[in-house]
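Let's take a friendly walk through this chain, one piece at a time. Keep the sequence and the 3D view open as you read.

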Amino acid sequence: MRRKLAAGNWKMNGTTASLVEIEKLLETHPDPACEMLICPPATLIAQVAWRCRAKHLKIGGQDCHWNTSGAHTGDISAPMLADAGATYVILGHSERRTDHGETDAMVLAKTEAVWAAGLVAVVCVGETERQRDLGATLPVIGGQLDTSLPAGGTADTLVVAYEPVWAIGTGRTPTLAEIAEVHDYIRATLVARFGDEGTGVRILYGGSVKPSNAVEIFAVSNVDGALVGGASLKATDFGAIIDALSAA
Ligand code: PEP
């Protein structure tokens with residue numbers, strides 16, 4: 001049985017003033033039926049993790065370096081995130097791939113670093129609009145999974161997020177049938193790669209999830225939750241998505 005996961009990616013948004021949203025979420029969702037995760041900017045991780053210690057809201061990073069320490073100005077390592085109180089790390093988000101030239105090989109090295117630090121990796125995959133138009137969605141996703149995921153993925157250490165690049169922050173989403181096709185394909189790929197553990201790895205959908213479409217998306221086969229960007233910034237919106245997932 002896979003525990004559902006509602007993950008919020010705050011991206012480069014949020015200052016200490018935004019901590020009020022975390023407080024609201026903790027107040028309105030004291031005992032949700034799904035797991036809740038917020039990945040705030042790195043500047044807030046330690047504060048939010050301290051506030052959430054012994055609570056049901058998990059905290060994650062949005063990226064990390066593949067080395068544990070060293071001369072990498074501006075970067076953060078997986079052990080540093082663990083030290084700050086994070087338990088999850090998003091890796092290979094399309095904005096990192098586009099803005100910072102991240103390759104599948106880098107994502108694989110980062111995933112190994114995250115596992116070595118005892119954290120859970122949320123590895124993002126997804127096709128561009130052009131790749132979808134060319135009918136290449138499944139081969140693209142398959143290639144990303146093959147080359148971004150190290151050997152040894154388990155239900156406890158790996159989450160995969162399917163995020164069509166063209167659906168992120170655009171208000172557009174694939175049809176439910178398209179989401180089902182990709183999630184079923186990812187499940188089959190994970191099982192072929194990791195055996196029984198692949199059955200337990202959670203697969204999140206990400207890309208313009210909001211309160212108004214969450215119920216229908218969470219009813220789709222092999223959708224075990226969501227990675228939510230814009231709608232995770234406000235406790236009321238993210239709370240409504242958590243409610244939809246808890247009821248699914
Ligand atoms: C994301 O950035 O992971 C994302 C899914 O963003 P949004 O929900 O805003 O589309």
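Is the crossing of helix 1 and helix 2 right-handed or left-handed? The crossing is right-handed, a term used when the near helix is turned clockwise from the far one by less than a right angle, with anticlockwise giving left-handed. Before going on, a word on the source: this is a predicted model, in which local features need pLDDT of at least 70 and side-chain atom pairs count only at pLDDT 80 or more, while totals for chains, interfaces and linings use all residues. Residues are numbered from 1 along each chain as its sequence is written, and side-chain values use heavy atoms, leaving out hydrogens and water.

Helix 1 covers residues 19–28 and helix 2 covers residues 42–51; their axes come within 11 Å and cross at roughly 25 degrees. That makes the two helices roughly parallel (angles under 35 degrees count as roughly parallel, over 145 as roughly antiparallel, 65 to 115 as roughly perpendicular and the rest as oblique). Axes here are lines fitted to C-alpha atoms, for helices over the stretch in contact, and angles run from 0 to 180 degrees between N-to-C directions. On the helix 1 side, Leu19, Ile22, Glu23 and Leu26 meet Leu44, Gln47, Val48 and Arg51 of helix 2 (contact means heavy atoms within 4.5 Å). By class, this contact has five nonpolar, one polar and two charged residues.

Helix 7 brings Thr137, Leu138, Ile141, Gly142, Leu145 and Asp146 to the contact, and helix 8 brings Glu181, Val182, Tyr185, Ile186, Thr189 and Arg193. These residues divide into six nonpolar, three polar and three charged (Ala, Val, Leu, Ile, Met, Phe, Trp, Tyr, Cys and Pro count as nonpolar, Asp, Glu, Lys and Arg as charged, and the others, Gly among them, as polar).

## Ile179

Helix 8 also holds Ile179. Ile179 is buried, with a relative accessible area of 0% (buried means under 20%, exposed over 50%, partly exposed in between, with a 1.4 Å probe and protein chains only). Which residues does Ile179 contact, leaving aside its neighbours within four places in sequence? They are Pro174, Tyr205, Ile217, Val220 and Val223.

## Two residues with positive phi

Most residues other than glycine have a negative phi. Ser208, which is not a glycine, has a positive phi of about 60 degrees. Ser208 lies in the loop between strand 7 (202–206) and helix 10 (211–218), and is buried at a relative accessible area of 15%.

Asn222, also not a glycine, has a positive phi of about 65 degrees. Asn222 sits in the loop between helix 10 and strand 8 (225–228), and counts as buried at 19% relative accessibility.

## The chain as a whole

The chain comes to 11 helices and eight strands (DSSP runs numbered from the N terminus: H or I of at least four residues for helices, E of at least two for strands). Of its 248 residues, 51% count as buried. Among contacts with a separation of 6 or more, 72% join residues 24 or more positions apart.

The C-alpha trace spans about 45 × 45 × 35 Å along its principal axes.
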